[in-house]
Amino acid sequence: MTQVETLSDKLFGKAPRIPWCFAGWGFGWAFSEIMYIKPPVDFSAGHGPEAFLYYDAATIAVAVLIALAAFFFPDGLLPLKRRRAWFIASAGAFCASVLLNFAVLIGIATATPFVWAASIFAGFGSAASYALWGELFGCLPPVRMVATYVAGVVLRYVLIWILSPLPPDRLLPCMLVVAVLALATLRMAYRELNPEDLPSSPIGRFSFPLKPMIVIALCAFAFAMLMFFVGDDLGVNGNPGVLVAAALVAFVVSRKGEDFNFSSLWTLSLLFMLVALIPFGRISNDALFVSGVFGSLAYTLYLMLTSVIFANLSFRYAVSAAWLFSTEIATRLIFAHAGSYAGDSLQGMIGGEPSVTVIVACAIPVVAFAAAMLIVFSSKGLDSDWGVVLMKPVSKDYELALEKSRLGIRCREVAKANGLTSREEEILLLLWRKKRPADIATDMNLSVSTVRTHVKHIYAKLNVHSSKELLGLIEVDE
């Protein structure tokens, strides 16, 4: 073993190795932060708040349209990945938004109509790219999805702090590059996937994912209300709490690997939200800064787990990822604005009584987060179907896709009954799909000898002695 490999093992341990392009989803979030959420330059000629509202409104509207189209016309629209026009349109919309904003900045264009147009283009690009990346997330098992999310978080944080101080003449070309890379890295990421794991046609229409959407709504409302009172000088995606959350999860995953306990993300999220409210009660600038950092930390952990939940619904149960993630971002943005509005209204009603404001402002986010936790822990866990059931089959590949979904469910049952680890469960699923150890090693970025060791352990725990006996355990019913 070389010194580089030894150092890599010490740093990353059991964390799954992911290609660098998987972090590319962070480009889109960096674009949103720099251009609209916390712009370092007044791109909109004094219309910054309006531009942000237009941007979020456009993102919500386009996301809702994508979700509705994915629900009612799934066989004609999905998967988005197969339609190159989506990539081109999304990247082109981002670039058009950048150019329009800079035209307003240097006085070439009239502010109001161009600000509107730039915001709409950016909203379309964000919603479309989010749906496209969602399809990639739906191809990844949970731990690999977490690693991908962490990588994207780190990328967007670094980009925000590097690009924000640049003068406008340098920021323009950089933002155009970011806009293109947001989609180019996605195309590269798809090439890293096994052909069998690429997004396929949806197997049918599923019921609305009410449980996870309620959780998203409550948490987004709570965080937005908290950040209204503590201030958002550090922004949402460039807040140090984001980087702390990524580092924390990366460390735990590197130590635990496939044994990572996803429910711990909810527990930590609630804990950090409570911590965020403790210094908030003191009403001082330093305390407000700490509140913002811990609040952002809690919110990042919540976003991480909800993304894993939706990706897992697609990965295990063949639910359309584009539909899930488009619905998720629309719900999150709507209730985030509701939380900000509630905070503004509350401050207006009791602005002269700071002690009362503190008590109420602390209580509402805690109650909302606690209600979300009750919903989460009432579910059976990450691999639960979260109340999403198949309503109507539509896909031409319905039987094949549904069997793949059944295999996942059956694999979970066998793994729990026989004490298989998460990694062994994943390998068992691939063995049941009749993949060879060499192919499994390639798919999972493991050595063939490691895969064979896992296979021996699986055989021992299931008390089988051949691949034929292993396949005989499937027994997937219609």
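Q: What makes α2 and α8 count as being in contact in this predicted model?
A: Contact takes heavy atoms within 4.5 Å. On that basis Phe27, Gly28, Phe31, Ile34 and Met35 in α2 meet Leu171, Met175, Val178, Leu181, Ala182 and Thr185 in α8. By class, that set splits into nine nonpolar, two polar and no charged residues.

Q: Why are α2 and α8 called roughly antiparallel?
A: Their axes come within 8 Å and cross at roughly 150 degrees. Anything over 145 goes down as roughly antiparallel, so α2 gets that label against α8. The crossing itself is left-handed.

Q: How do you know which way α2 runs relative to α6, parallel or antiparallel?
A: Look at the angle: the α2 and α6 axes cross at roughly 160 degrees, coming within 10 Å. With the cut-off at over 145, the pair is therefore roughly antiparallel. This crossing is left-handed.

Q: Which residues of α2 and α6 meet?
A: From α2 you have Trp25, Trp29, Phe31, Ser32 and Tyr36, and from α6 Ala118, Ser119, Ala122, Ser126, Tyr130, Trp133 and Phe137. That contact has nine nonpolar, three polar and no charged residues.

Q: Why is Thr331 called buried?
A: Buried means under 20% relative accessible area, and Thr331 comes in at 13%, so buried is the word. Thr331 sits in helix α13, residues 321-349.

Q: What does Thr331 touch, leaving aside neighbours within four places in sequence?
A: Met213, Ile216 and Ala217 are its contacts.

Technical notes:
Residues are numbered from 1 along each chain as its sequence is written. This is a predicted model: local features need pLDDT of at least 70, side-chain atom pairs count only at pLDDT 80 or more; totals for chains, interfaces and linings use all residues. Side-chain values use heavy atoms; hydrogens and water are left out. Axes are lines fitted to C-alpha atoms, for helices over the stretch in contact, and angles run from 0 to 180 degrees between N-to-C directions. Helices (H or I, at least four residues) and strands (E, at least two) are DSSP runs, numbered from the N terminus. Angles under 35 degrees count as roughly parallel, over 145 as roughly antiparallel, 65 to 115 as roughly perpendicular and the rest as oblique. A crossing is left-handed if the near helix is turned anticlockwise from the far one by less than a right angle, and right-handed if clockwise. Ala, Val, Leu, Ile, Met, Phe, Trp, Tyr, Cys and Pro count as nonpolar, Asp, Glu, Lys and Arg as charged, and the others, Gly among them, as polar. Buried means under 20% relative accessible area, exposed over 50%, partly exposed in between (1.4 Å probe, protein chains only).
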